[in-house]
Amino acid sequence: MMLKASSTVALPTRKGARAVARSAALPVPVNKRVVLVRAEPESSTSAEDPSAKLQKQAEEVLKTVQTKWESTDDSEKPAAIAIIVGVVVAQIAIGATIDAVDKIPIVNKGLQLIGVAVTGLFAYRYFTDPAERESVKKSVDAFVKSVTGEK
């Protein structure tokens, strides 16, 4: 994709007593600006289009959900739907509660202060002691491996 843009801008002369007096004493040069913008596409050597990659992942997730749904017994399907609806309703209720609590000025600032204090305590406790630091590193690495599926 090649984009080119060029522009020549002449500033307008000001009308008024000061502008006329200034223009009589010194000539006012006309300023011109030329802007050249050039954009070139990246070479797509073995790079997959991000939208195609996202669509491929979405199709894989949809296939996985369909196979799980088909493997579920007919007697369990209403319970699965009820659980999904319950989770959605709970998320909406939690969001509304958090918004309501966040609007109370004293509680909002108090919760922020508690959060900063707990974060500071965690950082002091786990990052100043080398044994604790190694323990945290091992637990984080184990969690990352379990999420990514590495062994």
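What share of the contacts in the protein with a separation of 6 or more comes from residues 24 or more positions apart? The share is 51%, where contact means heavy atoms within 4.5 Å. This is a predicted model: local features need pLDDT of at least 70, side-chain atom pairs count only at pLDDT 80 or more, and totals for chains, interfaces and linings use all residues. Residues are numbered from 1 along each chain as its sequence is written, and side-chain values use heavy atoms, with hydrogens and water left out.

**Confidence**
- The mean pLDDT of the protein is 80; pLDDT is the predictor's confidence in each residue, from 0 to 100.
- A score of at least 70 is reached by 73% of the residues.
- Helix α3 (residues 77-102) has the highest confidence, at a mean of 93.
- Helix α1 (residues 17-25) has the lowest, at 52.
- Where pLDDT is low, the predicted coordinates should not be read in detail.

**Fold and surface**
- The protein has five helices and zero strands. Helices (H or I, at least four residues) and strands (E, at least two) are DSSP runs, numbered from the N terminus.
- Along the sequence the pattern reads α-α-α-α-α.
- Of the 151 residues, 3% count as buried. Buried means under 20% relative accessible area, exposed over 50%, and partly exposed in between (1.4 Å probe, protein chains only).
- Accessible areas come from the Shrake-Rupley method with a 1.4 Å probe; for residues, only the protein chains shown count as cover.

**UniProt segments**
- An unreviewed UniProt entry lists residues 79-98 and 110-127 as "transmembrane region". UniProt positions follow the numbering used here, feature names are shortened, and annotations may be inferred rather than shown by experiment.
- Residues 79-98 are 100% helix and 0% strand in the model, with the end C-alpha atoms 28 Å apart.
- Residues 110-127 are also 100% helix and 0% strand. Their end C-alpha atoms are 25 Å apart.

**K77 and its salt bridge**
- A search of the whole structure finds one salt bridge, defined as a side-chain nitrogen of Lys or Arg within 4 Å of a carboxyl oxygen of Asp or Glu.
- The partners are K77 and D74, at 3.6 Å from N to O.
- Side chains of opposite charge can pair when their charged atoms come close.
- K77 sits in helix α3.
- K77 counts as buried because its relative accessible area is 18%. D74 is exposed, at 63%.
- Beyond its neighbours within four places in sequence, K77 contacts W69 and T72.

**Helix α4**
- N108 lies in helix α4. N108 is classed as buried because its relative accessibility is 18%.
- V107 is found in helix α4 (residues 105-128). V107 is partly exposed, with a relative accessible area of 35%.
- I104, V107, L111, I114 and V118 make a nonpolar surface patch of about 430 Å². Patches are made of residues with over 30% relative accessible area and no salt bridge: like charges are joined within 9 Å, nonpolar side chains (Val, Leu, Ile, Met, Phe, Trp, Tyr) within 5 Å.
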